[in-house]
Amino acid sequence: MKRCIDSVAGWCEVIVVDSFSTDETVHIATGMGAHVIQHTYENHSAQWNWILDRVTIETDWILALDADFIVTPELKKALDTFLNGNDTAYNGFYVKHEYVFWGSRIRFGGIKKYWLRGLRLGYGNADASDLVDFRFNVKGGVQRINAKVIESNEKDSDFSFWVRKQDLFSFRLAVEEEVRRRKLINWEGKKSLFGNTDEKFKSYRDIWMSMPLFIRPWFYFFYRYIIALGFLDGVGGFIYHFQQGLWLRMVVDMKIRQIRKARLSNEFLLTVSREMLTVKSGSLEFMMNYLKDKASVIKEEY
């Protein structure tokens, strides 16, 4: 977080929304001049929608950053030019996105090249239909800024931390896919194979869900590492594309199969989708026992 705040210090107002963390986040952020607000975390999109609806922001535009983002000087310069132009045709903007993993720049592999991280207040919201990932829906035109934000999480260098994080992520992806397969939620906003980055993403996700389990991860890895030139990203790139493009997707499929074999009711599956972000486990068995215990406590209280 310190690197993130440092990268924008003195350039814009900094508001940090903390979900009642128990580390030094609040102390560090306030010490660096940021305005800190606390709000209980539900999920990424709900947190951002609460910010947009409830937090007083004095500017017309917001740049949405995660704690492990670094805004480059080139991006600040490009945004100064764009925002000072006051072009009312645009209500959002994409910025270049560069991910750093194990010291390697992940430049290839068909990963997200641009990310919509800026919007004019009152003209957008976070997509509440996306249970795991995060994206904004914007009313009106969007611009593409050819300067980058760098995503670099120092904790990812600890491979044990990375694996634990992917275990959580895989369970959440599996639950979300099963919820979508049963048509219990639908995408917000437009989806199109020929639209912007986020509209394409929604279409690709629907195509992915129609592909056979355990086969699709191999196709995906082959596309990322060979066709999309992921092998050019070096050793760190190989580890990233293999782990995130093949291993993670295989684990997701294993957990989808487990969910289907459990024959969960629609109501229970929706409850899992709401509660899965509140626990630090990627285990379906743990989640089922957790929810049963929680229901028993509620029943006893009432």
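Leu229 sits in the loop that joins α7 (216–227) to α8. The model is a predicted one. Leu229 has a positive phi of about 65°, although it is not a glycine. Its relative accessible area is 35%, so Leu229 counts as partly exposed.

Trp102 is another case. Its phi is near 55°, again a positive value in a residue other than glycine. Trp102 is placed in the loop between β5 (90–101) and β6 (104–106). At 43% relative accessibility, Trp102 is partly exposed. Most residues other than glycine have a negative phi.

**Salt bridges**

The whole structure holds 19 salt bridges.

| Pair | N to O distance |
|---|---|
| Glu98 and Arg105 | 3.3 Å |
| Lys165 and Asp156 | 2.8 Å |
| Lys191 and Asp206 | 2.1 Å |

How exposed are the partners? Take Glu98 and Arg105, whose side chains meet at 3.3 Å. Glu98 is buried, because its relative accessible area of 10% is under 20%. Arg105 is partly exposed, at 43%. In the salt bridge of Lys165 and Asp156, Asp156 is buried, with a relative accessible area of 2%. Lys165 is partly exposed, at 29%.

The side chains of Lys191 and Asp206 also meet in a salt bridge, at 2.1 Å from N to O. This pair links distant parts of the chain, 15 residues apart. Lys191 belongs to the loop between α5 (159–181) and α6 (197–209), while Asp206 belongs to helix α6. Lys191 is partly exposed, at 43% relative accessibility. Asp206 is partly exposed too, with a relative accessible area of 22%. Elsewhere, salt bridges with shared partners join Asp130, Asp133, Arg135 and Asp198 into one network.

**Nonpolar cores**

Which residues touch the most other members of the largest nonpolar core? They are Phe171, Val175, Ile259, Met276 and Met287, out of 23 residues in that core. Two or more residues come from each of α5, α8 (234–262), α9 (266–275) and α10 (284–301). Helix α5 gives the most, with 5 residues.

Val175 shows some of the contacts in detail. Leaving aside neighbours within four places in sequence, Val175 is in contact with Ile259, Leu269, Val272, Ser273 and Met276. Another core lies apart from the largest one and has 19 residues. Its members include Val14, Ala29, Trp115 and Val149.

**Packing of α5 and α6**

Two packed helices are described by the angle between their axes and the distance between the axes. The axes of α5 and α6 come within 11 Å and cross at roughly 85°. An angle from 65 to 115 degrees counts as roughly perpendicular, and α5 and α6 are therefore roughly perpendicular to each other.

Which residues make the contact? From α5 come Glu176, Glu177, Arg180 and Arg181. From α6 come Arg205, Trp208 and Met209. By class, this contact has 5 charged residues, 2 nonpolar ones and no polar ones.

Notes:
Residues are numbered from 1 along each chain as its sequence is written. This is a predicted model: local features need pLDDT of at least 70, side-chain atom pairs count only at pLDDT 80 or more; totals for chains, interfaces and linings use all residues. Side-chain values use heavy atoms; hydrogens and water are left out. A salt bridge is a side-chain nitrogen of Lys or Arg within 4 Å of a carboxyl oxygen of Asp or Glu. Buried means under 20% relative accessible area, exposed over 50%, partly exposed in between (1.4 Å probe, protein chains only). Helices (H or I, at least four residues) and strands (E, at least two) are DSSP runs, numbered from the N terminus. A nonpolar core is a set of buried Ala, Val, Leu, Ile, Met, Phe, Trp, Tyr and Cys residues joined through side-chain atoms within 4.5 Å. Contact means heavy atoms within 4.5 Å. Axes are lines fitted to C-alpha atoms, for helices over the stretch in contact, and angles run from 0 to 180 degrees between N-to-C directions. Angles under 35 degrees count as roughly parallel, over 145 as roughly antiparallel, 65 to 115 as roughly perpendicular and the rest as oblique. Ala, Val, Leu, Ile, Met, Phe, Trp, Tyr, Cys and Pro count as nonpolar, Asp, Glu, Lys and Arg as charged, and the others, Gly among them, as polar.
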